[in-house]
Amino acid sequence: CFLFWSTMMSFATAARAIVSKTPAARGAFVRSAAATTASRSSLSAAVANAASSLPSPSSPSSYRSMSTMDTMESGTKTYMSLYPEGSTDGGLRLGNIVPDFSMETTHGNFDSFHEWKKGKWAILFSHPADFTPVCTTEIGRLALKYDHLEAMDCLVATLSVDPVKSHQDWLNDVVAHCENEIDIKFPIIGDQDRSISTAYGMIDPGTSDDQDLPLTIRAVFIVNPENKLMLSLNYPACVGRNMDEIVRCVEALQLSYEKSIATPANWPNNHEDIPMPDGSRSTDFKGSVFLLPTVSEEEAEEHYPGYHTCDVPSKINYLRLVKKEDVESKAG
């Protein structure tokens with residue numbers, strides 16, 4: 001953690017020196033990260049590519065206002081520019097544009113994953129196989145969270161290497177087994193040829209043909225409105241995922257994207273009792289968040305006046321807390 005934040009602070013120093021001089025320019029759109037070898041030549045170029053990357057489509061009226069990137073120059077824009085949009089070795093990493101693909105699903109066929117989720121957050125959620133016990137419970141629990149995710153303007157698609165017909169038959173069991181009344185409102189992708197699973201690193205094309213049951217891992221990919229991978233989780237077939245944690249991750253990612261902040265460990269159950277400069281202790285910072293390390297002191301004062309800097313032995317002012325209500329009141 002110390003190395004990570006130290007690295008971020010070093011990037012922040014360089015970014016602040018150039019950010020006011022960097023013109024806004026949209027970088028070239030990359031259709032597939034797996035085929036991309038382009039990387040940023042400098043931090044300045046990356047900031048330029050990110051500066052005007054706001055999504056343009058309107059959200060349906062049933063959703064909340066579409067999630068948009070914070071306009072603070074030294075905040076989310078600069079922070080996101082630290083992650084390259086493509087990899088040089090074909091791997092899929094955080095910040096990369098995710099591979100696009102056509103998909104056959106339980107809700108019909110779609111020519112492009114990118115177009116299906118255009119301008120929105122999305123979760124791609126893989127499961128090893130239909131008619132298996134853990135997967136049956138996972139799809140049921142995900143269905144219970146779907147309305148909440150939809151209200152957050154976050155789409156959901158699940159996937160396995162089974163054909164769509166298998167998914168459709170299996171969903172009867174999913175609905176029957178769940179202790180709550182549910183509807184499966186999200187599509188389940190049939191990846192019979194394993195092309196999507198391979199592109200996203202969920203299966204090894206070199207060994208899957210030799211397996212009696214070529215399972216995809218339990219993977220979660222959370223993708224932002226610019227089709228960039230923001231978070232990935234990998235679980236083995238024997239361990240089911242916690243849907244509350246997945247929803248928490250989406251909430252944290254959206255808040256960071258929209259407000260130029262970072263969520264502490266155990267957020268929102270964090271900083272319940274902290275020391276203050278006058279020797280007293282305060283419970284006012286429960287659920288508070290940190291300013292991104294790239295945010296300049298000037299923009300921090302402009303957008304979050306009254307933020308609290310935690311005192312630490314190093315005397316480095318990097319633990320900059322903002323109260324939950326101050327984040328919520330900040331204009332996007």
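Predicted model: local features only at pLDDT ≥ 70, side-chain atom pairs only at ≥ 80, totals over all residues.
## Around helix H8

H8 itself covers residues 243-259, so 17 residues by count, and its first and last C-alpha atoms are 24 Å apart. That's close to the 24 Å expected at 1.5 Å a residue. Most of H8 is covered up, with 13 of its 17 residues buried.

## The protein as a whole

Zoom out and you'll find ten helices and 13 strands. The protein has 332 residues, and 49% of them count as buried.

Now take the contacts with a separation of 6 or more: 69% of these join residues 24 or more positions apart.

## Where H5 meets H6

Two packed helices are described by the angle between their axes and the distance between the axes. Here the pair to look at is helix H5 (residues 133-151) and helix H6 (residues 164-177), whose axes come within 9 Å and cross at roughly 70°. Angles of 65 to 115 degrees count as roughly perpendicular, and that is why H5 is described as roughly perpendicular to H6.

Which residues of H5 and H6 meet? On the H5 side they are Cys135, Thr136, Thr137, Ile139 and Gly140, and on the H6 side Trp170, Leu171, Asp173, Val174 and His177. Sorted by class, this contact of H5 with H6 has five nonpolar, four polar and one charged residues.

## The loop between E8 and E9

Next, have a look at the loop between strand E8 (261-262) and strand E9 (274-275), which is where Pro268 lies. The peptide bond leading from Trp267 to Pro268 is cis, with omega near 10°.

Asn266 lies in the loop between E8 and E9 too. Its phi is positive, about 65°, although Asn266 is not a glycine. Is Asn266 buried or exposed? With a relative accessible area of 58%, Asn266 is exposed, because the cut-off for exposed is over 50%.

## The loop between E6 and E7

Asn227 sits in the loop between strand E6 (218-223) and strand E7 (229-235). Asn227 isn't a glycine, yet it has a positive phi of about 65°. Its relative accessibility is 6%, so Asn227 counts as buried, the cut-off for buried being under 20%.

Technical notes:
Residues numbered from 1 in each chain as written. Heavy atoms only, no water. Helix = DSSP H or I, 4+ residues; strand = E, 2+ residues; numbered from the N terminus. Buried < 20%, exposed > 50% of the residue type's maximum accessible area, 1.4 Å probe, protein only. Axes fitted to C-alpha atoms, helices over the stretch in contact; angles between N-to-C directions. Parallel < 35°, antiparallel > 145°, perpendicular 65-115°, else oblique. Contact = heavy atoms within 4.5 Å. Nonpolar A, V, L, I, M, F, W, Y, C, P; charged D, E, K, R; others polar.
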